[in-house]
Amino acid sequence: MLRIAVPNKGALSELAIEILTEAGYHQRRSSRELVLVDPENQVEFFYLRPRDIAVYVGQGSLDVGLTGRDLFADARVKDTAEEIMALGFGASTFRLAAPAGTFTATAELAGKRIATSYDGLLAAYLEKIGLDAEIVHLDGAVESAVSLGVADAIADVVETGNTLRAAGMEVFGEPILASEAIMIGQTGKHPEGLDVLLRRLQGVLVARRWLMIDYDVDKALLEQATAVTPGLESPTISPLQDESMVAVRSMVQKDDVHRVMDELYVLGARAILVSEIHAIRL
Ligand SMILES: Nc1ncnc2c1ncn2[C@@H]1O[C@H](COP(=O)(O)OP(=O)(O)OP(=O)(O)O)[C@@H](O)[C@H]1O
Ligand SMILES: O=P(O)(O)OC[C@H]1O[C@H](OP(=O)(O)OP(=O)(O)O)[C@H](O)[C@@H]1O
Ligand SMILES: [Mg+2]
């Protein structure tokens, strides 16, 4: 059975359970369950702290795990574990910040104290840019570290920026890392069942991004219409009782659907219908 680690709490937990459910897996009913066996799908889920997941996969106790790219980088297990798929949710950036007006460039942090919950990630970054600064480890709420006097700056996860703004702080320097939820696995290993898991997740990602569009169009306009809706592979063309017309079915990107409908309408297509795609295997 494929052993999969899933975040039990925090920003990624609910979204992780949602994507796995959409991919057809059973998920735990209560937050007290630590393990869930899904014999039908030949997988076993372990609900763990998001921060620990890279450690379990890196040490080989679990086959794959869903975590954040920043947490994975922080765990320093890149010799034994690797990112195998980006999952398109839980996006954030990892950034330096300080009270507004204090610093403008990263180089100004030489010899200063930087508070973070991501020591491994910050240390690797400081080493990469050749900057010597002191790292102060805090478990969370690092935005308070400067005003309370334990650090001069912080390095933390920024999503909307609301927490920083509320604390009177601003980011500076280049972003350290662009993060999102990812699937990680053991480097170079390909356990049985992994292909199915990845194909299912890929299917959910595509189904989330694409819609199905159907319309009727005059045969004479077919070429122009299908140029607007080329689809993922090739549009389906079906005959209609009115032989001068055809029905077209194609996939269209969600964030493009209204432009496509407008263009088709102007071209003369009618009965333009858009529907959700629930699942897909490419
Ligand atoms: N608004 C957000 N706040 C925190 N983490 C976020 C946010 N958006 C996305 N993430 C991602 O979620 C993961 C962090 O999750 P979580 O908040 O559970 O961890 P944590 O802060 O270390 O844990 P905890 O706060 O429970 O001690 C990271 O990969 C992070 O990039
Ligand atoms: O940019 P924003 O949308 O405001 O989100 C970022 C904030 O969310 C996280 O904190 P979390 O809620 O995980 O608390 P913690 O600091 O105690 O971990 C993170 O550490 C930031 O403080
Ligand atoms: Mg947190």
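**Exercise 1. Find which residues come closest to ligand 1, and which elements supply its shell.**

Solution. Start with the count: ligand 1 has 16 residues around it, and the closest are Gly10, Ala11, Gly68, Ser92 and Glu159. A residue is taken as near a molecule if its C-beta atom, placed from the backbone, lies within 6 Å of it. Next, look at the elements: helix H2 (50-58) and helix H3 (69-75) are those that give two or more residues to this shell. Helices (H or I, at least four residues) and strands (E, at least two) are DSSP runs, numbered from the N terminus.

A word on the model: it is predicted, with local features needing pLDDT of at least 70 and side-chain atom pairs counting only at pLDDT 80 or more, while totals for chains, interfaces and linings use all residues. Residues are numbered from 1 along each chain as its sequence is written, and chains are lettered from A and ligands numbered from 1 in the order in which they are written.

**Exercise 2. Work out which domains contribute to the shell around ligand 1.**

Solution. Domain 1 (2-89 + 180-192) and domain 2 (92-178) each give at least three residues to the shell around ligand 1. The bounds come from an automatic or database domain assignment.

**Exercise 3. Describe the surroundings of ligand 2.**

Solution. First, list some neighbours: Gly140, Ala141, Glu143 and Asp156 are among them. Then turn to the elements: strand E9 (153-158) and helix H5 (162-166) each supply at least two residues. Finally, pick the top contributor to the shell around ligand 2: E9 gives the most, with three residues.
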